[in-house]
Structure formats: C-alpha cells, structure tokens
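Please look over the sequence and the model before reading on.

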Amino acid sequence: MTTADTTGSTISTTTGSTATGSISFADWTEQEAASSPAGPRTARASVANTFTGGIEAVRTACDYSIAYTTGHEGAFTGMELVTGSVDGRHGTFVLEQRGTFAADGTIHCAFTVVPGSGTEDLAGLTGTGEYTCRPGAESFPYSLNYRL
C-alpha cells in the first residue's frame with residue numbers, strides 16, 4: 001500500500017517509509033586541522049542544522065571531518081545528533097554522513113541512521129538518505145528511506 005502526503009513530507013509503503021523535507025544551516029564553524037604546502041588540507045567543522053518536513057529538528061549537533069583535495073573541492077564525513085521527530089514520532093538518533101563537494105559549491109551527501117541510536121518513539125529506527133545542496137541555497141531538500 002502506498003500513501004502520499006500532499007505536503008510531500010512522507011510516502012508510506014509496505015517496505016518502509018520515505019520522509020522528505022528541507023535542511024537549512026543554522027550555524028557553521030570551521031577550523032583548519034592540518035595542511036601541506038602544495039596539496040591537500042584537512043579541517044573540522046561544527047554545524048547546527050534545522051530540518052523541516054518529515055524530519056522536524058531545530059539546531060542539530062553535527063561534527064564534520066573535511067579533506068580539501070584542491071582549493072574548493074574535497075570530501076567529508078560527519079556524525080549528526082538529531083533530536084526531534086520523524087513523521088510525528090519523537091526521539092533522538094544519529095546520522096552518519098559521507099559526501100563530496102565540488103569547485104562550484106555543490107555538495108552531495110549520503111547518510112545512514114546509526115544502528116541502535118534511536119531513542120523513545122524512534123527506538124529501532126534504521127534507514128538511509130541523501131541530499132544535494134546547490135550554491136547559494138538557503139535550504140536544500142533531503143530524503144530519508146526508513147523503517148521503525
């Protein structure tokens with residue numbers, strides 16, 4: 001059975017559900033970790049995001065490790081603590097993120113719910129998702145395919 005929410009926030013099926021919505025950066029603090037004279041450099045960033053739609057969470061806590069392979073290109077990994085709700089079910093969970101960013105500023109990220117990290121109504125949450133952030137966007141769409 002498939003049910004579409006007219007707001008675009010959730011699609012439920014017999015194999016799970018998909019939550020969609022938008023993410024916006026609430027805060028970004030980055031610090032260089034190490035660099036080489038003619039090559040890559042690494043950095044750490046602490047970020048707060050706000051999710052709306054199928055996931056509702058204000059000021060998440062996310063820490064990224066970033067590798068700049070050239071001036072404005074590279075890759076990142078991160079862990080994001082999300083406290084809020086998924087389709088009306090409240091609790092906390094952690095997203096493990098892995099992504100890349102291009103010289104034009106486009107960011108592509110895939111993420112996975114860390115197994116066992118769900119609490120309260122979100123205990124047992126599993127899933128994977130993704131987002132793409134385009135340069136200059138104040139917010140950007142995400143999707144999370146999940147099971148509870």
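## Strand 10 and its partners

Strand 10 and strand 11 form a hairpin with six residues between them, and Gly136 in the turn has a positive phi of about 80°. Strand 9 (residues 107–113) is also joined to strand 10 by six bridges and runs antiparallel to it, with His108 opposite Thr132. Strands are DSSP runs (E, at least two residues), numbered from the N terminus.

The side chains of strand 10 (residues 126–133) alternate. Buried means under 20% relative accessible area, exposed over 50%, and partly exposed in between (1.4 Å probe, protein chains only).

## Basis of the model

The model is predicted: local features need pLDDT of at least 70 and side-chain atom pairs count only at pLDDT 80 or more, while totals for chains, interfaces and linings use all residues. Residues are numbered from 1 along each chain as its sequence is written, and side-chain values use heavy atoms, with hydrogens and water left out.

## Aromatic pairs

The structure holds eight aromatic pairs. Rings of Phe, Tyr and Trp (its six-membered ring) pair if their centres lie within 6.5 Å; planes under 30 degrees apart count as stacked, over 60 as edge-to-face and the rest as tilted. Phe25 and Trp28 form an edge-to-face pair because their ring planes stand at 85°, with the centres 5.6 Å apart. Phe25 is partly exposed at 35% relative accessibility, and Trp28 is partly exposed at 39%.

Phe51 and Tyr142 are also edge-to-face, because their planes stand at 65°, with the centres 5.4 Å apart. This pair links distant parts of the chain, with Phe51 in strand 4 (residues 41–53) and Tyr142 in strand 11, 91 residues apart. Phe51 is buried at 2% relative accessibility, and Tyr142 is buried at 4%.

## Glu80

Glu80 lies in strand 7 (residues 74–86). Glu80 is buried yet has no salt bridge, which would need a side-chain nitrogen of Lys or Arg within 4 Å of a carboxyl oxygen of Asp or Glu. The nearest side chain of opposite charge, Arg59, is 11 Å away.

The side chain of Glu80 makes a polar contact of 2.5 Å with the side chain of Thr60, and a polar contact of 2.5 Å joins the side chains of Glu80 and Gln97. A polar contact is a pair of N or O atoms within 3.5 Å; within protein, one must be able to donate a hydrogen and the other to accept it, and residues adjacent in sequence count only if both atoms are side-chain atoms.

Definitions and conventions: Helix = DSSP H or I, 4+ residues; strand = E, 2+ residues; numbered from the N terminus. Lys, Arg positive; Asp, Glu negative; His and termini not counted. Pairing = 2+ DSSP bridges.
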